[in-house]
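Reader: I would like a close look at one part of this model, the packing at the start of the chain, followed by an account of how that part sits within the whole.

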Amino acid sequence: MLTTFDMDALRTIVVGTDLGSFARAAVQLGRSQSAVSMHLKKLEQQTGTVLFRRNGRGLVPTEAGEAFIAYARRIIALNDEAALSVGAAATTASVRLGLPQDFFDDLMPATLRTFRQNCDNVHVDIRAGENHSLAEEVRAGRLDAAIAFFRAGSPAEGETLCRLPMRWLATEDVMATLPRDPVPLVLFNHPCLFRQAALAALDDSRTRWRAALTTPSLPAVWSALRSGLGIAVRTDHGRPADIISVGHDFGLPQLPSIELRLLRAPNISGIADRLAEVLRRETLSKVTPTAETEPHTEPA
């Protein structure tokens, strides 16, 4: 006789894995920690294998646990979709979307507004993250869909939506005071494709540089530029009006373009795929025209 897994137990391991803590999962799910422990124990008894191992003060999935969690996500997604289709959902279904911080002011609200028109009983979990982590979260099934930057011409992954030129950026009022040797840089934390492109271009042109500020926050980058700390590299999309392209004036080397791609999780649910399609359409509508109408003109 085949084993029937408990939906509450499956939700427990998925939420606990996503939050990185079963104590936090207990709070989010409104359950006691002992109830969460019982769910884990029950699933390990049903599967006949160890799903989690202790790592310091927490638990991490074993190899078998990772495989089981992937199935748990699919089971939960299908359960929630079936419940929604007949109006029998006790709680709303949940879909998880990831975007770089560049698109939070325009693309995210447009996507959610359009999606809500047809799917208003769905909980959307929005996550901003470092670019490499967004791609990894989609591969692992911890995000249903995301848009992420990729190096132009890198191995095919996801659907390429457009190419955007990278720019050297600063504020106009600090142009006269910024040192040019070495060039002060405002950088994202490593690893970052914009950081890598900037440093490679400067090194290839034998331009001296120094790191003036490093941060994982895009608003912090804009603040640093307004404070006159240095020059950053980003695309034109989401660039504040008081931040300008300064590559030509500073004699900085030409930067490559960067690709924006749509990623979908393996075995994505129907509801999540609808959100991914809305994200695709809104991205093509709001982001691609910028790449087409503002070509990169900075000299090599």
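Which residues in α1 meet which residues in α2?

Author: The model is a predicted one, in which local features need pLDDT of at least 70 and side-chain atom pairs count only at pLDDT 80 or more, whereas totals for chains, interfaces and linings use all residues. Residues are numbered from 1 along each chain as its sequence is written, and side-chain values rest on heavy atoms, with hydrogens and water left out.

On the α1 side, Arg-11, Thr-12, Ile-13, Val-15, Gly-16, Thr-17 and Leu-19 take part, and they meet Phe-22, Arg-24, Ala-25, Gln-28 and Leu-29 in α2; contact here means heavy atoms within 4.5 Å. Sorted by class, the residues of this contact are 6 nonpolar, 4 polar and 2 charged, where Ala, Val, Leu, Ile, Met, Phe, Trp, Tyr, Cys and Pro count as nonpolar, Asp, Glu, Lys and Arg as charged, and the others, Gly among them, as polar.

The geometry behind this contact can be stated as follows. The axes of helix α1 (residues 7-19) and α2 come within 8 Å and cross at roughly 120°, the axes being lines fitted to C-alpha atoms, for helices over the stretch in contact, with angles that run from 0 to 180 degrees between N-to-C directions. Helices are DSSP runs of H or I with at least four residues, and strands are runs of E with at least two, numbered from the N terminus. The two helices α1 and α2 are therefore oblique to each other, since angles under 35 degrees count as roughly parallel, over 145 as roughly antiparallel, 65 to 115 as roughly perpendicular and the rest as oblique. The crossing in which α1 passes α2 is right-handed, a term used when the near helix is turned clockwise from the far one by less than a right angle, left-handed being the anticlockwise case.

Leu-40, which is found in helix α3, is buried, with a relative accessible area of 11%; buried means under 20% relative accessible area, exposed over 50%, and partly exposed in between, for a 1.4 Å probe and protein chains only. Not counting residues up to four places away in sequence, Leu-40 touches Ile-13, Phe-22, Phe-52 and Leu-59.

Buried residues make up 44% of the 300 residues, and 76% of the contacts with a separation of 6 or more are between residues 24 or more positions apart.

Some backbone details lie elsewhere in the chain. Most residues other than glycine have a negative phi, and most peptide bonds are trans. The peptide bond from Asp-181 to Pro-182 is cis, with omega near 0°, and Pro-182 has its place in the loop between β7 (167-171) and β8 (183-188). Another cis peptide bond joins His-190 and Pro-191, the latter being found in the loop between β8 and α7. Arg-206, in the loop between α7 and β9 (209-215), has a positive phi, near 55°, and counts as exposed at 79% relative accessibility.
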